[in-house]
Amino acid sequence: MKTAQQLVAEAKAGIQEVDLDQLSDYLKTHPEPRLIDVREPAEFAQGHIAGAVNYPRGVLEMQLANHPAVAASGCAAEVALAQLAAEPLYLICRSGARSALATESLQRMGFSKVYSVAPGMQGWLDAKLPIVK
């Protein structure tokens, strides 16, 4: 049997992580970022990065078709998801564990430009970077 920490470590070994500087640079150059916060709604409501969409990890795969970039395309869900997968997509949680697991899951769905943000929202807050409530 594996512990949660072992499962996260295995996920992290097979995904790409970005740090806060890389995410910050991305956000500066993309007015409509493709950033998904996979924390629970109550956590998201306490503060999140501007432009982030909240799809908790437990429903992420089912909610992707509702992402604003997908919904705005007017295409069939499969086509729109393929378009979403063609662009970089960033996932963030509190510490980087849930986003690592979610990144691994999206890779299995065919997303190749999906990144987990480490050290997550806690690192973002510790760095005193801006949030919205």
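What share of the 133 residues in the protein is buried? Buried residues make up 40%, where buried means under 20% relative accessible area with a 1.4 Å probe, protein chains only. This is a predicted model: local features need pLDDT of at least 70, side-chain atom pairs count only at pLDDT 80 or more, and totals for chains, interfaces and linings use all residues. Residues are numbered from 1 along each chain as its sequence is written, and side-chain values use heavy atoms, without hydrogens or water.

**Fold**
- The protein has 8 helices and 5 strands, taken as DSSP runs (helices H or I, at least four residues; strands E, at least two) numbered from the N terminus.
- The 5 strands form an open sheet with parallel pairing, in the order β1-β5-β4-β2-β3; pairing requires at least two DSSP bridges between two strands.
- The edge strands are β1 (16–18) and β3 (53–54).
- Strand β2 (residues 35–37) runs parallel to β3, joined by 2 bridges, and Ile-36 has Val-53 as its bridge partner.

**Pocket**
- The largest pocket has a volume of about 160 Å³; a pocket is an open set of points on a 1 Å grid where a 1.4 Å probe fits, with protein on both sides within 12 Å along at least five of seven lines.
- Its volume is the space filled by probe spheres set on the points, which are joined across faces, edges and corners.
- Lining residues (an atom within 4 Å of a point) include Glu-32, Arg-34, Val-53 and His-67.

**Dimensions**
- The C-alpha trace spans about 40 × 40 × 25 Å along its principal axes.

Key
Buried means under 20% relative accessible area, exposed over 50%, partly exposed in between (1.4 Å probe, protein chains only).
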